[in-house]
Amino acid sequence: MDCVFCKIVNGEIPANKLYEDDKCVAFYDLAPQAPVHFLVIPKEHIESANVLTEENAKVIGHIFCVIANIAKKLNLENGYRIVNNCGEDGGQTVKHLHFHILGGKALSWPPYDKSAEV
Ligand code: 5GP
Ligand code: ZN
């Protein structure tokens, strides 16, 4: 399977890792969109949030605990954003479930400009 995040899990391509255990890996994003921008992914290849089941979704709770621990280590006590892009309209480019963690500054909201509607 030609999946860049599976290759990071397998060590086939390098990543600047923050954390790893038997279920997930956290690493810095290659193209940071905030002063702090890292990703947390399950080791299991799950295509997106849209194919979650009661079984394969158990890792999500674990990932959120990992995120909270890393945020403490990185001194993100003022807050951060957890983002999951799902599918084409969601802007997902890598088809392996992942959570973006963005922080280190106050982030703008919302992500969608209604005034652009016709
Ligand atoms: P998406 O657009 O699918 O939500 O996010 C994919 C993210 O993965 C992007 O922010 C992109 O910069 C990051 N990314 C893609 N390929 C690599 C890679 O090989 N290494 C790292 N560290 N990040 C990657
Ligand atoms: Zn994968």
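Visitor: Let's start with H98: does it count as buried or exposed?
Guide: H98 counts as buried, because its relative accessibility is 5%, where buried stands for under 20% relative accessible area, exposed for over 50% and partly exposed for what is in between, with a 1.4 Å probe and protein chains only. This is a predicted model, in which local features need pLDDT of at least 70 and side-chain atom pairs pLDDT 80 or more, while totals for chains, interfaces and linings use all residues. Residues are numbered from 1 along each chain as written, chains are lettered from A and ligands numbered from 1 in written order, and side-chain values use heavy atoms, without hydrogens or water.

Visitor: And where is H98 found?
Guide: H98 sits in the loop between strand 4 and strand 5, with strands (E, at least two residues) and helices (H or I, at least four) taken as DSSP runs numbered from the N terminus.

Visitor: What does the side chain of H98 reach?
Guide: Within the protein, the H98 side chain comes to 2.7 Å from the backbone oxygen of H96; such a polar contact is a pair of N or O atoms within 3.5 Å, and within protein one must be able to donate a hydrogen and the other to accept it, with sequence neighbours counted only if both are side-chain atoms. On the ligand side, an N or O atom of the H98 side chain is 2.8 Å from an oxygen atom of ligand 1. The protein covers 82% of the 520 Å² of accessible area that ligand 1 has on its own, the areas being Shrake-Rupley values.

Visitor: Is D29 buried or exposed, then?
Guide: D29 is buried, since its relative accessible area is 18%, and its place is in the loop between strand 2 and strand 3. From D29 to K17 the C-alpha atoms are 9.7 Å apart in space, although the two residues are 12 apart in sequence.

Visitor: Switching to the metal: which are the protein donors of the zinc ion?
Guide: The zinc ion (ligand 2) has C3 (SG), C6 (SG), H45 (ND1) and H96 (ND1) as protein donors, at 2.0 to 2.3 Å; a donor is an N, O or S atom within 2.8 Å of the metal (3.2 Å for Na, K and Ca), and sites may look incomplete without water. The angles among the four donor atoms run from 105 to 116°, and the site is tetrahedral, a label that needs all angles between 85 and 135 degrees. In sequence these donor residues follow the spacing C-x2-C-x38-H-x50-H, and both C3 and C6 are buried.

Visitor: How do strand 1 and strand 2 pair?
Guide: Strand 1 (residues 17–20) pairs with strand 2 in the antiparallel sense over three bridges, and a pair of strands needs at least two DSSP bridges. Y19 stands opposite A26, E20 stands opposite V25, and a hairpin of three residues joins the two strands. Strand 2 also pairs with strand 3 (residues 36–42), antiparallel over five bridges, where C24 has P42 as its bridge partner. Of the five residues in strand 2 (residues 24–28), four are buried.

Visitor: Which two residues does the cis peptide bond join?
Guide: The cis bond joins W109 and P110, with omega about 5°, and P110 lies in the segment after strand 5 (99–103). Another backbone detail is the positive phi of N75, near 60° in a residue other than glycine. Most residues other than glycine have a negative phi, and most peptide bonds are trans.

Visitor: Where is the place of N75?
Guide: N75 is in the loop between helix 2 (58–73) and strand 4 (80–83), and N75 counts as exposed because its relative accessibility is 54%.

Note on methods: Four donors count as tetrahedral if all angles lie between 85 and 135 degrees; four count as square planar and six as octahedral if opposite donors are over 155 degrees apart and all others between 65 and 115; anything else is irregular. Accessible areas come from the Shrake-Rupley method with a 1.4 Å probe; for residues, only the protein chains shown count as cover.
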